[in-house]
Amino acid sequence: MKKSVGYSLLAGLAAVVVLISTAIFVGFGGDDGGLDDGSHKPRDPAAPAVSGQWVGTWSAAAAAAEPGTLNGYAGMSIRNVVHTSVGGAGVRIQLSNLYGTRPLVVSHATLALAAAPSNPTAASGTMRRLSFNGKPAVTIPAGGAVTSDPTRLKVPGDADLLVTTYSPSPSGPATYHPYARQTSYLARGDRAEDATGAAYTEQSPYWRYLTGVDVWSTQAHGSVVAIGDSITDGITSTAGANHRWTDFLAARLRTEPGAPRYGVLNQGISGNRLLVNGSRFSPNNGPSVLSRLQRDALSRTGVKAVIVEIGLNDLFKTPRQLDPQKIVAGMREIVRQAHARGLRVTGSTLSPFGGHRGYSNVLNSVREQVNRIVRSGTVYDEVVDFDKALRDPSAPGRLRPSYDSGDHLHPNDEGFRAMANAVNLAHLKLAAPAAL
């Protein structure tokens with residue numbers, strides 16, 4: 001074969017590859033980085049074919065099997081209300097049947113913007129029917145999870161979404177997140193595509209089946225995952241106000257100059273421990289951070305950084321772990337697994353709990369020993385000192401009174417704000433793991 005002919009063939013093949021690749025990407029990424037709306041608007045030939053990426057905007061950890069739901073929610077529509085941390089032009093959701101004992105059939109699923117905060121009525125023109133692998137229904141095996149197909153919808157950051165599922169048949173215990181601090185809704189029958197909330201007469205403080213929402217974003221560059229216990233779960237934050245410390249962190253990431261534009265994914269479980277699993281049927285424990293780290297943190301969509309707040313329940317709950325070196329070893333294992341994924345970890349000191357009913361000098365001594373090791377820089381890549389941010393300067397073993405929810409363990413809204421303000425946003429930008 002002559003060189004000129006060979007070069008021509010190679011050039012032709014290269015052009016075909018470029019055309020196919022461009023067609024694939026342009027078919028998904030529209031001018032605003034979302035889903036193609038079919039309008040075929042002229043594109044800037046100098047612009048990249050894809051100008052966005054999938055980013056996690058909301059999540060909740062599957063905590064347990066909901067008590068009293070042996071048949072699931074057959075014949076009912078569940079309208080989960082969730083709050084975004086970043087916006088985008090396309091949306092997809094994740095559903096989980098982690099604690100189910102039978103296949104979960106979802107025959108109808110929708111997504112819409114809420115007409116008003118915490119309201120089950122959809123904003124005009126925003127209702128979208130979801131599909132799964134091109135089909136309107138999906139069967140999720142016991143212990144399994146699914147991700148919906150993308151749908152085009154302009155989603156703002158800092159907004160409420162309505163994610164509704166309808167199951168026509170019994171499915172076994174519902175996988176849920178009990179301490180949502182957000183009101184969701186239920187309706188009899190298939191009301192998934194109802195834009196009005198009139199049929200949603202039953203209120204609920206739980207999230208069911210829904211574990212994640214992703215957006216196709218041109219502005220956000222990834223997500224930060226916060227994993228921890230009730231303090232991260234925001235159990236004492238004002239219900240419906242989105243005042244968990246992760247919500248305040250999301251606001252900082254959206255608005256502060258120079259901040260990385262990340263979504264924030266809250267993977268807190270109330271009662272959670274670092275080292276010991278709770279019962280699958282306990283609504284107040286969940287699987288340990290070590291056992292759920294890969295699923296709930298390291299594999300989340302677009303994860304760029306991880307923040308860990310965990311350890312107090314290892315002191316409080318039977319069997320108690322009173323060896324600070326074993327607690328620190330568990331923390332180091334988190335870092336090892338994250339580094340294997342190329343992720344840095346910001347870890348927190350353990351916050352004060354003087355005056356709490358579970359307080360003892362022995363437990364506080366273990367807490368202080370753990371904190372000294374964490375502050376030494378030999379555990380996490382970066383340290384966020386929640387102990388220092390929350391403690392009373394005149395009584396360091398206790399929460400500052402203005403940050404105390406009243407139980408002397410969990411912060412109030414202002415305490416959660418102080419926690420978010422303690423996070424060094426520049427640390428979240430650093431991608432390469434540090435050598436400890």
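A polar contact is a pair of N or O atoms within 3.5 Å. In this predicted model, Asn-412 caps the N-terminal end of helix H9 by placing a side-chain oxygen 3.1 Å from the backbone nitrogen of Glu-414. The protein chain holds ten helices and 23 strands, and 53% of its 436 residues are buried.

**Overall chain**

- Among contacts in the protein chain with a separation of 6 or more, 79% join residues 24 or more positions apart.

**Helix H9**

- Helix H9 spans residues 413–422.
- Its buried residues are Asp-413, Gly-415, Phe-416, Ala-418, Met-419 and Ala-420.

**Helices H6 and H7**

- Helix H6 covers residues 324–340 and helix H7 covers residues 361–375.
- The two helices pack at an angle of about 45 degrees, and their axes are 9 Å apart.
- The crossing of H6 and H7 is right-handed.
- On the H6 side, the contact is made by Pro-324, Gln-325, Ile-327, Val-328, Met-331 and Arg-332.
- On the H7 side, Val-366, Gln-369, Val-370, Ile-373 and Val-374 meet these H6 residues.
- The residues of the contact of H6 with H7 comprise eight nonpolar, two polar and one charged.

Key. Residues numbered from 1 in each chain as written. Predicted model: local features only at pLDDT ≥ 70, side-chain atom pairs only at ≥ 80, totals over all residues. Heavy atoms only, no water. Axes fitted to C-alpha atoms, helices over the stretch in contact; angles between N-to-C directions. Helix = DSSP H or I, 4+ residues; strand = E, 2+ residues; numbered from the N terminus. Left-handed = near helix turned anticlockwise from the far one by under 90°. Contact = heavy atoms within 4.5 Å. Nonpolar A, V, L, I, M, F, W, Y, C, P; charged D, E, K, R; others polar. Buried < 20%, exposed > 50% of the residue type's maximum accessible area, 1.4 Å probe, protein only. Polar contact = N/O pair within 3.5 Å; in protein donor to acceptor, adjacent residues only side chain to side chain.
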